[in-house]
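I began with the strand order.

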Amino acid sequence: MTADKPSPTMDPIQRESIERKLSLRNMCSVKLTNMPKRYNYTAVVELAPDMTACRILYDSVSRRPKNHCYLEFPSNEVAIKCVTKLNNTEFLGKKIQASIGADLSENAGDYIPLSILLYNLHWKTSKGEIAKHFPTSKSIDIIAKTKKGSVDKRQSIVAKLTFNTIDEVITSVDEKQGCIIHGRRISVHFCPKQSKGKVVGLTVYGLKKDTTEAEVRAIFPQANKVDLFPLGGFAVLHYDLFEDCKLDRKNALGAEMKGRKLRILYKYHTEEKKDQKAKAQAGETSGIRTSLIFVKNLGRNATEEQVAALFPNTRIVSMPKKGKACRGYAIIDCRSVISAIRFLAKPQTLDGRKLSIEPASVKKSKMKPITTTTSV
């Protein structure tokens with residue numbers, strides 16, 4: 001076990017290096033949403049053959065790919081070209097959307113100092129194959145989702161590597177990104193911290209639409225409250241005592257209802273989720289955690305090209321017009337929080353008018369976009 005020793009602290013240079021790499025990874029990544037149900041690594045490679053690596057996330061219950069994934073590229077310019085090429089295109093029968101970003105926190109304190117994660121590993125990958133590419137790693141832990149005692153061959157696996165020093169971690173993320181292991185391009189990331197949450201109940205999957213609360217309580221008699229979701233085919237059970245929750249789950253393992261085998265998972269409640277909500281609300285007012293900026297006081301003759309020239313390497317989310325005249329404002333995605341902060345600190349003028357620049361709130365970013373322009 002390697003978790004007994006306290007984690008070392010990062011010096012300012014290491015912290016700055018990690019946050020710079022996280023910002024760059026966000027700017028050089030493309031998020032694809034509305035993905036079809038049964039896409040896989042091979043299909044993604046055919047879709048974007050010039051990508052460095054990709055992250056395909058899987059649902060813990062269905063074990064199928066989620067409806068979004070991330071493509072990673074060597075530069076922001078290549079990522080922008082990919083967005084232009086793939087946005088609103090057909091992929092396996094569905095129209096997908098593409099946008100810049102990897103949804104990674106750019107705060108070095110949110111990551112475990114001595115660990116990294118390898119995404120998109122083939123399910124047959126061994127520790128020996130990983131060790132050949134990461135010879136300085138101290139330990140290798142392959143995190144494989146299992147089904148009936150064996151690895152589910154439909155999905156990729158993830159490996160967690162531990163190192164002796166923070167510099168080794170930074171070097172591995174920098175140099176090994178996109179390395180090929182077992183025929184796949186591997187995505188190398190800093191390992192995010194995960195806080196253990198408090199168990200507050202159970203989530204039961206595999207229910208039919210006509211399942212009643214009485215039928216659920218017959219299998220889970222200790223539950224204080226049962227919330228049924230017929231369209232989703234699951235129920236959320238609430239408990240006051242963890243012992244009651246644990247007993248119900250133990251007794252119900254392997255149970256069936258109306259010919260369907262039930263899948264029973266603990267439901268967690270973490271303080272981290274509360275913190276994320278609070279940060280999001282604070283970000284709306286202070287602008288500390290948003291990549292969107294709200295530009296006001298544009299002239300009636302202002303054009304998208306002029307605004308794009310003032311804010312390079314950004315995306316114009318919305319710039320409404322009344323007829324052919326600009327309505328005086330634009331919402332711009334700076335692609336990272338750090339870039340947004342830089343633009344907020346730099347005064348800008350256009351056609352002799354001093355522009356007012358402030359963080360865009362969630363409500364403003366959801367306004368109906370009139371135009372969408374990408375500038376390089």
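I found an open sheet of four strands in the order E7-E10-E6-E13, with antiparallel pairing. Strands pair here if DSSP finds at least two bridges between them; strands (E, at least two residues) and helices (H or I, at least four residues) are DSSP runs numbered from the N terminus. I noted strand E7 (139-143) and strand E13 (187-192) as the edge strands, each pairing on one side only. From one strand to the next, the twist averages 30°.

The model is predicted: local features need pLDDT of at least 70, side-chain atom pairs count only at pLDDT 80 or more, and totals for chains, interfaces and linings use all residues. Residues are numbered from 1 along each chain as its sequence is written, and side-chain values use heavy atoms, with hydrogens and water left out.

I then checked E7 against strand E10 (residues 157-162): they pair in the antiparallel sense over five bridges. Ser139 stands opposite Thr162 in E10.

Next I turned to helix H5 (residues 166-176), which packs on the sheet and touches E6 and E13 (contact means heavy atoms within 4.5 Å). Its direction makes about 25° with that of E6; axes are lines fitted to C-alpha atoms, for helices over the stretch in contact, and angles run from 0 to 180 degrees between N-to-C directions.

Which residues of H5 are buried? I listed Ile166, Val169, Ile170, Ser172 and Val173 (buried means under 20% relative accessible area, exposed over 50%, with a 1.4 Å probe and protein chains only). H1, E6 and E13 are among what covers them. Asp174 and Glu175 are exposed on the face turned away from the buried side.
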